[in-house]
Amino acid sequence: MQPDQLVSLFDQQAAGYDQQWAKTSAIRDCLYFLLEPLFAELPADARVLCVGAGTGVEMAHLARVFPRWTFTAVEPSRAMLDACRRRAEAEGFAARCRFHEGFLDTLPEDAPFDAATCFLVSQFLVERVQRTRFFAGIAERLRAGGLLASSDLAADVVSPEYEVLLPAWLRMMAAAEVSPEAIERIRIAYARDVAVLPPGEVASIIGAGGFDHPTLFFQGGLIHAWLSRRIGAVDRS
């Protein structure tokens, strides 16, 4: 799927996105619960980059738990970014946020961030080189030793395990009242527009982008999440 097609898709989904996925929120909430102690080492006034921020759910969670953190939301879908901004305003943390409409490579260079989040984003980059460059772009914006929490759909799609997990995953979405039409679009997208790779391959791509020892800290169905630490270059601060 081309970038403009992806942006258009999320623009169309923005208005009902949170409601559509509300009944699967237990997966997301567990990921965030495990993320808190992993991010607890960050400074009390940490600067956090949220790549593909969507409607701002992860930002809202972190803003509640860490009241002095500031956030930069990067989101190419204007409708999604508007929803993110409305959430921040409604929950009272908008003054701690900067909102950037565009892809990561359009974000102006600034003082390095202490941490970044990137949830269910890199899977849309189907070419390995492009996906590696994406993670390198995040690394370039982090201080030395900065943390990245990222998640993606991951599985060995030719394995017997995937033959068990994928039907169960689709049944889970059906039980959460995701429409049959939407589920069929998702099934097709997984085969055509989403790079569902074995977890080890995803970790390898993260590492190649400039991160040390990506550590799998969460799995919920097909969603896997890693914590990684930036390596290499000197802190630009």
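Student: Where is His213 found?
Tutor: His213 is in strand 6, residues 211-220. Strands here are DSSP runs of E with at least two residues, helices are H or I runs of at least four, and both are numbered from the N terminus. This is a predicted model, with residues numbered from 1 along each chain as its sequence is written; local features need pLDDT of at least 70, side-chain atom pairs count only at 80 or more, and totals for chains, interfaces and linings use all residues. Side-chain values use heavy atoms, leaving out hydrogens and water.

Student: What is phi of His213 near?
Tutor: Phi of His213 is near 45°, which is positive although the residue is not glycine.

Student: Is His213 buried or exposed?
Tutor: His213 counts as exposed, because its relative accessibility is 62%. The cut-offs are under 20% for buried and over 50% for exposed, with partly exposed in between (1.4 Å probe, protein chains only).

Student: And what about phi of Leu120?
Tutor: Leu120 is also a residue other than glycine with a positive phi, near 55°. Leu120 sits in the loop that runs between strand 4 (113-119) and helix 6 (128-140). With a relative accessible area of 32%, Leu120 is partly exposed.

Student: In what sense do strand 2 and strand 3 pair?
Tutor: Strand 2 (residues 70-75) pairs with strand 3 in the parallel sense, over five bridges. Thr72 is placed opposite Arg98 of strand 3.

Student: New topic: how many disulfides?
Tutor: Zero, counting a disulfide as two cysteine sulfur atoms within 2.5 Å.

Student: How many aromatic pairs does a search find?
Tutor: Six in the whole structure. Rings of Phe, Tyr and Trp (its six-membered ring) pair with centres within 6.5 Å; planes under 30 degrees apart are stacked, over 60 edge-to-face, the rest tilted. One of the pairs is Tyr32 with Phe119, tilted, 6.0 Å centre to centre and 35° between the planes.

Student: Which parts does that pair tie together?
Tutor: Helix 3, which holds Tyr32, and strand 4, which holds Phe119; the two parts are 87 residues apart in sequence. Phe119 is buried at 11% relative accessibility. Tyr32 is buried too, with a relative accessible area of 7%.

Student: What is the angle for the rings of Phe39 and Trp69?
Tutor: Their planes are at 55° and their centres 6.1 Å apart, so this pair is tilted. Phe39 belongs to helix 3, whereas Trp69, 30 residues apart from it, lies in the loop between helix 4 (57-65) and strand 2. Phe39 and Trp69 are both buried. Ring pairs join Phe39, Phe66 and Trp69 into a cluster.

Student: One last thing on Tyr32: how far is its C-alpha from that of His61?
Tutor: The two C-alpha atoms are separated by 7.6 Å, with the residues 29 apart along the chain.

How values were computed
Pairing = 2+ DSSP bridges.
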